[in-house]
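Have the coordinates open while you read.

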Amino acid sequence: MTTENAEGKEQLLTTEETDALIDEEAAASHLEVIETVISSLDQNDTAMVSRRDGGHLWKFQYGSVEVFVQLTGEADDDTLAVWSSVLKLPAKDEPRLMRKLLEMNWSDTYETAFAIYNDSVVVLTHRTVADLSPVEISRALTLVASIADDNDESLQEEFGNS
């Protein structure tokens, strides 16, 4: 890669400068891709973001569910997590609910899964950001949002404790 020096002449960047530039572009692209995907999915302009300790947490409405997106940072071992609550626990007939969720995990969830978090059944996906592509970011957000929205009302109707 090259840049212009003070005299307007082209010069090669050092390996460190090239790596730093690539890291900057990759960091911006994760955030930009996440925000672009959220803006395309957020039907009611409800998106909010919180920034702290180098990470970001977004929340937005998709259909009847709230979707959360967390990016802990930009290092290879940092993570992207996407989740949405579909049912509060305790629930009616929990053994049958757990069986249904495990069966759905096998057949209906692709790279996402149903899990239990903070006394709720959630749809989630998470992975490290190493080699994370824009397509994977878009797919993660879209899958969690659509699977949660497609299943929350039926799970609440069948297993919810009103």
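## Strands S4 and S5

Trp 58 has Val 69 in S5 as its bridge partner. That's in a predicted model, by the way. The pairing of S4 with strand S5 (residues 65–71) is antiparallel and takes in seven bridges.

The two strands make a hairpin with two residues between them. In that turn, Gly 63 has a positive phi of about 60°.

## The other side: S3

S4 also pairs with strand S3 (residues 48–52), again antiparallel, through five bridges. One place to look is Arg 52, which sits opposite Gly 55 in S4.

S3 and S4 form a hairpin too, with two residues between the strands. Here Asp 53 is the residue with a positive phi, near 50°.

## A look at His 56

Where does His 56 sit? Its place is in strand S4 (residues 55–62). Is His 56 buried or exposed? Its relative accessible area is 15%, and the cut-off for buried is under 20%, so His 56 counts as buried.

Setting aside neighbours within four places in sequence, His 56 touches Val 49, Ser 50 and Arg 51, along with Val 69, Gln 70 and Leu 71. Leu 31 is on the contact list as well. In sequence Leu 31 and His 56 are 25 residues apart, while their C-alpha atoms are 8.6 Å apart in space.

## The second largest pocket

His 56 turns up again in the lining of the second largest pocket, together with Gly 55 and Leu 57. Ser 50, Arg 51, Arg 52 and Asp 53 line this pocket too, as do Gln 70, Leu 71 and Thr 72. S3, S4 and S5 are the elements that give two or more residues to that lining. As for volume, the second largest pocket comes in at about 150 Å³.

## Helix H3

Over to helix H3 (residues 134–159), with its 26 residues. At 1.5 Å a residue, H3 should span 38 Å, and its end C-alpha atoms are 36 Å apart, so the two agree. H3 does have a bend, of about 35°, at Asn 151.

## The whole chain

Zooming out, the protein has three helices and eight strands. Along the sequence they follow the pattern β-β-α-β-β-β-β-α-β-β-α.

Of the 162 residues, 35% are buried. Among contacts with a separation of 6 or more, 54% link residues 24 or more positions apart.

How values were computed: Residues numbered from 1 in each chain as written. Predicted model: local features only at pLDDT ≥ 70, side-chain atom pairs only at ≥ 80, totals over all residues. Heavy atoms only, no water. Helix = DSSP H or I, 4+ residues; strand = E, 2+ residues; numbered from the N terminus. Expected span 1.5 Å × (residues − 1). Bend = angle between axes of the 7 residues up to and from the residue. Buried < 20%, exposed > 50% of the residue type's maximum accessible area, 1.4 Å probe, protein only. Contact = heavy atoms within 4.5 Å. Pairing = 2+ DSSP bridges. 1 Å grid on protein atoms, 1.4 Å probe; cavity = no way out; pocket = protein on both sides within 12 Å on 5 of 7 lines; lining within 4 Å. Points joined across faces, edges and corners; volume = space filled by probe spheres on them.
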